[in-house]
Amino acid sequence: MAEQKVRWGILATGGIAAAFTADLVDLPDAEVVAVASRRQESADAFAERFGIPRAYGDWTSLAEDGDIDVVYVATPHSAHREAAGLCLEAGRNVLCEKAFTLNAREAAELVALAKARGSFLMEAMWMYCNPLVRRLKALVDDGAIGEVRHVQADFGLAGPFPPSHRLRDPAQGGGALLDLGVYPVSFAQLLLGEPSDVTARATLSAEGVDLQTGALLSWDGGALASLHCSIVGGTATAASITGSAGRIDVPGGFFFPERFVLHRDGRDPQEFTADPADGPRNTLRHEAAEVMRALRAGETESPLVPLEGTLAVMRTLDAIRDRVGVRYPGEESTGEETAGEAPELTPA
């Protein structure tokens with residue numbers, strides 16, 4: 001496989017699938033050989049757009065295509081368990097969009113299935129593969145700002161999104177948290193790991209999804225994270241990490257940063273900027289390259305996006321939804337409520 005192109009299948013034909021495929025076709029060691037949709041006409045149009053040789057009008061045909069090395073699952077996250085599970089059952093390797101699943105139970109099922117089949121599985125958390133984010137994490141890990149005391153991050157879109165939009169649809173896992181809040185949570189846990197306690201409040205829509213959510217995560221060592229996501233207000237998408245000996249500010253677009261600034265007592269601020277050779281800020285090629293590197297190395301998960309880290313993020317998202325009272329169809333509970341802490345329901 002080391003001397004051959006990695007052959008990709010694309011499952012779903014929406015906007016993120018198109019963005020990922022556009023980056024894939026520019027990679028010399030990648031080849032997109034098939035695409036699938038639940039509608040044949042959608043698969044045909046996508047295939048024609050990107051010059052893909054095979055188009056399937058059902059997911060099973062793609063999953064059973066033995067010429068595919070890895071499938072990129074780009075459905076709404078409410079369908080991730082079904083789509084990724086279908087591919088893993090058929091022996092395919094899988095890169096699955098975030099939020100990885102609706103809840104931690106579904107995520108654990110996919111991880112167990114991948115391990116049973118010996119297949120590669122990775123969440124498409126492109127932020128973790130971004131070179132500048134990796135540089136930031138390395139600085140923090142090396143003690144550049146001392147012990148991390150606080151992480152702040154936000155991600156909000158102004159909208160407005162009508163009730164018919166998927167972001168307002170409980171059946172599609174709608175709300176700010178799974179689409180946008182997964183980034184602040186993943187950023188905090190990249191630096192601090194899984195929190196020991198979660199507190200959260202939200203404004204809920206009439207449909208029962210979160211329009212905006214604020215969460216306070218805490219760790220046994222004393223660190224805190226203040227996180228916010230919204231589909232009713234555009235935020236700065238900024239992040240800041242405060243340590244015992246300094247601070248790192250990411251002024252905007254923290255999940256695909258153009259730059260960040262390291263502040264340390266007694267020293268001039270030090271700015272780190274993205275290398276133009278790494279491509280545009282919004283490129284998805286780094287996560288694709290990591291998948292292909294891992295496949296060629298015979299790895300079943302990526303050290304940049306480890307499966308236990310994905311499971312830990314899903315557990316935190318579950319805890320936040322429990323605190324604010326968001327349930328999706330078919331769910332009884334996402335986890336355990338904190339004693340004495342009633343969810344705040346604020347219909348909009």
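Leaving aside its neighbours within four places in sequence, which residues is arginine 54 in contact with?

Mentor: The model is a predicted one. Once the neighbours within four places in sequence are set aside, arginine 54 is in contact with Val33, Ala34, Val35, Asp65 and Asp67. Arginine 54 itself sits in strand E3, which covers residues 54-56. Phenylalanine 256 lies 202 residues from arginine 54 in sequence, and the two C-alpha atoms are 32 Å apart in space.

Strand E13 (residues 259-264) and strand E14 (residues 270-273) run antiparallel and are joined by four bridges.

Next comes the core. The largest nonpolar core has 121 residues, and Trp8 and Phe187 touch the most other members. Helix H8 (residues 176-192) contributes the most to this core, namely eleven residues.

In the whole structure, one cavity of 30 Å³ or more is found, and the largest cavity has a volume of about 50 Å³. Its lining draws two or more residues from each of H8, strand E9 (210-218) and strand E10 (224-230). H8 gives the most to that lining, with four residues. Among the lining residues of the largest cavity are Leu177, Gly181, Thr213 and His228. By class, this lining holds seven nonpolar, four polar and no charged residues.

The largest pocket has a volume of about 710 Å³. It is lined by 31 residues, of which Gly15, Ile16, Lys98, Arg166 and Asp179 are the closest to its centre. Helix H1 (15-24) and H8 each supply at least two residues of this lining, and H8 gives the most, with four. The lining of the largest pocket divides into 15 nonpolar, ten polar and six charged residues.

The second largest pocket holds about 160 Å³ of space. H8 and helix H10 (307-324) are the elements that give two or more residues to its lining, and the largest share, three residues, comes from H10. Tyr128, Lys137 and Glu194 are among the residues that line the second largest pocket. Its lining has six nonpolar, three polar and two charged residues.

Technical notes. Residues numbered from 1 in each chain as written. Predicted model: local features only at pLDDT ≥ 70, side-chain atom pairs only at ≥ 80, totals over all residues. Heavy atoms only, no water. Core = buried A, V, L, I, M, F, W, Y, C linked by side-chain atoms within 4.5 Å. Buried < 20%, exposed > 50% of the residue type's maximum accessible area, 1.4 Å probe, protein only. Contact = heavy atoms within 4.5 Å. Pairing = 2+ DSSP bridges. 1 Å grid on protein atoms, 1.4 Å probe; cavity = no way out; pocket = protein on both sides within 12 Å on 5 of 7 lines; lining within 4 Å. Points joined across faces, edges and corners; volume = space filled by probe spheres on them. Nonpolar A, V, L, I, M, F, W, Y, C, P; charged D, E, K, R; others polar.
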